[in-house]
Amino acid sequence: MIFVTIEGVDGAGKSTQARRLVNRLEKEGYEAVLFREPGGTPLSDKIRSLLLDAPDLAIAPLPELLLFSAARAQLVKDRIRPALATGKVVVCDRFYDSTTAYQGAGREIADLDWISSLNARAADGLRPHRTWLLALPPEEAARRRARRSTPLFKEEGSVPPEQALRTEPDRMEQAGQAFYDRVAKAFDDLAAAEPDRIARLDGTLREDDLADAIWRDARRLLARRSAG
Ligand code: T5A
């Protein structure tokens, strides 16, 4: 069926919109499944814990990138490919654009061609049919991160309760404002480079308005797929 992703900096509203899109798809009679990256398989969840929940664990930029990619490769193989093969709509909260933005630009692993090849390999050649980038001014993103207490994410039982209730900044969130500025710019650059795939949306819009915009676009995409 179709594979769509939602991207943006931490706190941009991705989980909120991913959940709303899946609810809407189900209401309209589609079978939809939601994943978040990193996570979604036992291995990917363990990698998520290593990457995010151990602020004192030293992980250099290259192994960080490889770990995110390993988590993704397992998720694509075990969950995303099989879901697509049975006709489901797959919604993913983050995918490989996050690796390009966070590790490529944020961590300054500047070899974008190599990252692009690795992304394609880890994703088993799968390219999202549509990616919605929720763009947010840095100060608003920081405000939302600070306000967040309980992530709203719910996904097929693979989120351990201790993660669902996490309130402290994770390892990535300790990286500082300059890091987030590079990440936000990289997302904008990706959207400019791939306008056929990545739709940049104003993340400061009201939740309902964003959900409507995403749904209108998703509905068009679904109609096009079923027509041809
Ligand atoms: N990462 C991930 C990499 O470095 N490389 C990679 O390859 C990958 C895949 C994942 C971390 O890993 C990094 C990126 C991340 O640092 P995570 O815990 O999954 O960490 O965190 P995030 O994906 O960043 O999710 P967050 O929960 O932080 O942010 P969301 O999902 O963007 O935002 P959401 O929906 O939880 O909303 C945040 C707050 O804003 C409010 C919500 O109610 C909530 O309080 N909100 C709005 N407020 C006003 N207007 C709106 N439109 C709103 N929408 C939501």
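Colleague: Hi! Are α3 and α4 roughly parallel or roughly antiparallel to each other?
Modeller: Roughly antiparallel, a label for angles over 145 degrees, with under 35 counting as roughly parallel, 65 to 115 as roughly perpendicular and the rest as oblique. This is a predicted model, where local features need pLDDT of at least 70, side-chain atom pairs count only at pLDDT 80 or more, and totals for chains, interfaces and linings use all residues. Residues are numbered from 1 along each chain as its sequence is written, and side-chain values use heavy atoms, leaving out hydrogens and water.

Colleague: What angle do α3 and α4 pack at?
Modeller: About 175 degrees, with the axes of α3 (residues 61-85) and α4 (residues 96-106) 11 Å apart. Helices are DSSP runs (H or I, at least four residues), numbered from the N terminus. Axes are lines fitted to C-alpha atoms over the stretch in contact, and angles run from 0 to 180 degrees between N-to-C directions.

Colleague: Which residues make the contact?
Modeller: P61, E64, L65, F68 and R72 on α3, with Y96, T99 and Q103 on α4; contact means heavy atoms within 4.5 Å.

Colleague: Switching to A71: buried or exposed?
Modeller: A71, also in α3, is buried at 0% relative accessible area. Buried means under 20%, exposed over 50% and partly exposed in between (1.4 Å probe, protein chains only).

Colleague: What does A71 touch?
Modeller: E37, P38, S44 and I47, not counting residues up to four places away in sequence.

Colleague: And how far is R147 from A71 in space?
Modeller: They are 28 Å apart, C-alpha to C-alpha, and 76 residues apart in sequence.

Colleague: Thanks! What about L66, what is its relative accessible area?
Modeller: L66 is at 39%, so it counts as partly exposed. L66 lies in α3.

Methods
Helices (H or I, at least four residues) and strands (E, at least two) are DSSP runs, numbered from the N terminus.
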